[in-house]
Amino acid sequence: MTQTTLHTVNKFSLSSPALQSCLRLVLPGDAVLLLEDGVYDAPTFPDRVPNVTFYALREDLLARGVALETLSDGITVIAYPEFVELVCHHAKTVSWF
Amino acid sequence: MDPVQIKKTLTFLSRRSPYGQSNAKSCLDMVLSAAVFDQCVNYVFMDDGVWQLQRGQQTAGISARNLSAAFSALPLYGINEVYVDAASLTERGLAADELVVNVKVCDTTQIAALLRDSDLVFNL
């Protein structure tokens with residue numbers, strides 16, 4: 001069985017190459033979670049990579065005033081409990097910071 | 001009673017430049033520690049991390065220890081090969097044969113596969 005990876009990105013794409021480098025290295029079945037300043041990229045996040053699921057952390061979106069209605073269908077808003085589930089579901093977590 | 005021997009594949013992704021922040025040095029320290037504890041180690045340089053491999057670093061003027069000098073000792077720890085992201089080299093105008101150690105140049109697919117096949121990835 002293939003081992004999938006959860007990638008977390010906590011920096012805005014204009015401040016750091018974290019998101020860009022992460023997206024270069026994702027594989028089908030992987031998940032990408034935007035959290036902390038990474039949620040600033042959520043509104044401009046279309047379906048960029050097939051077979052990769054994208055998430056954004058609700059608490060960080062709300063804290064930063066990112067309107068949930070502006071997010072596309074390509075990104076799923078989750079809260080901390082689902083974050084934990086994602087970590088448990090994937091074989092490993094790679095943090096991009 | 002002997003401790004249980006755990007052997008894992010650890011990939012260290014070093015993505016920051018050598019001086020100005022401690023990530024590069026921390027990464028090297030972790031790589032060496034993992035090797036000393038007999039782990040299977042992949043040392044990968046990407047993004048600004050490739051600057052660590054630049055030849056001719058003379059750090060006396062900034063009162064810093066020359067990080068690149070440490071890489072020649074990697075074989076002593078059983079690390080005979082380091083991996084470098086091709087795109088990161090090209091973006092920065094670096095040539096693989098002009099670096100401080102011999103490297104294995106990898107494309108995006110190869111590095112992605114390396115991550116997937118590891119038990120743990122340290123990304124700093």
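Two strands are taken to pair if DSSP finds at least two bridges between them. In this predicted model, strand 1 and strand 5 of chain B meet that criterion, pairing in the parallel sense over four bridges. Within this pairing, B:Phe12 stands opposite B:Phe122 of strand 5 of chain B.

The pair belongs to a wider arrangement. Chain B has an open sheet formed by five strands in the order 4-3-2-1-5, and the pairing is parallel. At its edges lie strand 4 (103-106) and strand 5 (120-123) of chain B, each of which pairs on one side only. Direction ignored, neighbouring strands of this sheet are turned by 25 degrees against each other on average. Strands of a sheet pair through backbone hydrogen bonds, in either a parallel or an antiparallel fashion. Elsewhere in the sheet, strand 2 (residues 40-45) and strand 3 (residues 82-85) of chain B are joined in the parallel sense over two bridges. Here B:Val44 has B:Tyr83, in strand 3 of chain B, as its bridge partner.

Helix 3 (residues 108-116) of chain B lies across strand 1 (9-14), strand 2, strand 3, strand 4 and strand 5 of chain B. Relative to strand 4 of chain B, helix 3 of chain B runs at about 105 degrees.

Turning to chain A, three helices and five strands are found, and along the sequence they follow the pattern β-α-β-β-α-β-α-β. The radius of gyration of chain A is 12 Å, close to the 13 Å that the globule rule gives for 97 residues, so chain A is as compact as a globular protein of that length. Taken along the principal axes, the C-alpha atoms of chain A fill a box of roughly 40 × 30 × 25 Å. Of the 97 residues in chain A, 48% are buried. Among contacts in chain A between residues at least 6 apart in sequence, 56% link residues at least 24 apart. The accessible surface of chain A amounts to about 4,800 Å², with 55% of it belonging to carbon and sulfur atoms.

Key:
Residues are numbered from 1 along each chain as its sequence is written. Chains are lettered from A and ligands numbered from 1 in the order in which they are written. This is a predicted model: local features need pLDDT of at least 70, side-chain atom pairs count only at pLDDT 80 or more; totals for chains, interfaces and linings use all residues. Side-chain values use heavy atoms; hydrogens and water are left out. Axes are lines fitted to C-alpha atoms, for helices over the stretch in contact, and angles run from 0 to 180 degrees between N-to-C directions. Contact means heavy atoms within 4.5 Å. The radius of gyration is taken over C-alpha atoms; the globule rule is 2.2 Å times the number of residues to the power 0.38. Buried means under 20% relative accessible area, exposed over 50%, partly exposed in between (1.4 Å probe, protein chains only). Accessible areas come from the Shrake-Rupley method with a 1.4 Å probe; for residues, only the protein chains shown count as cover.
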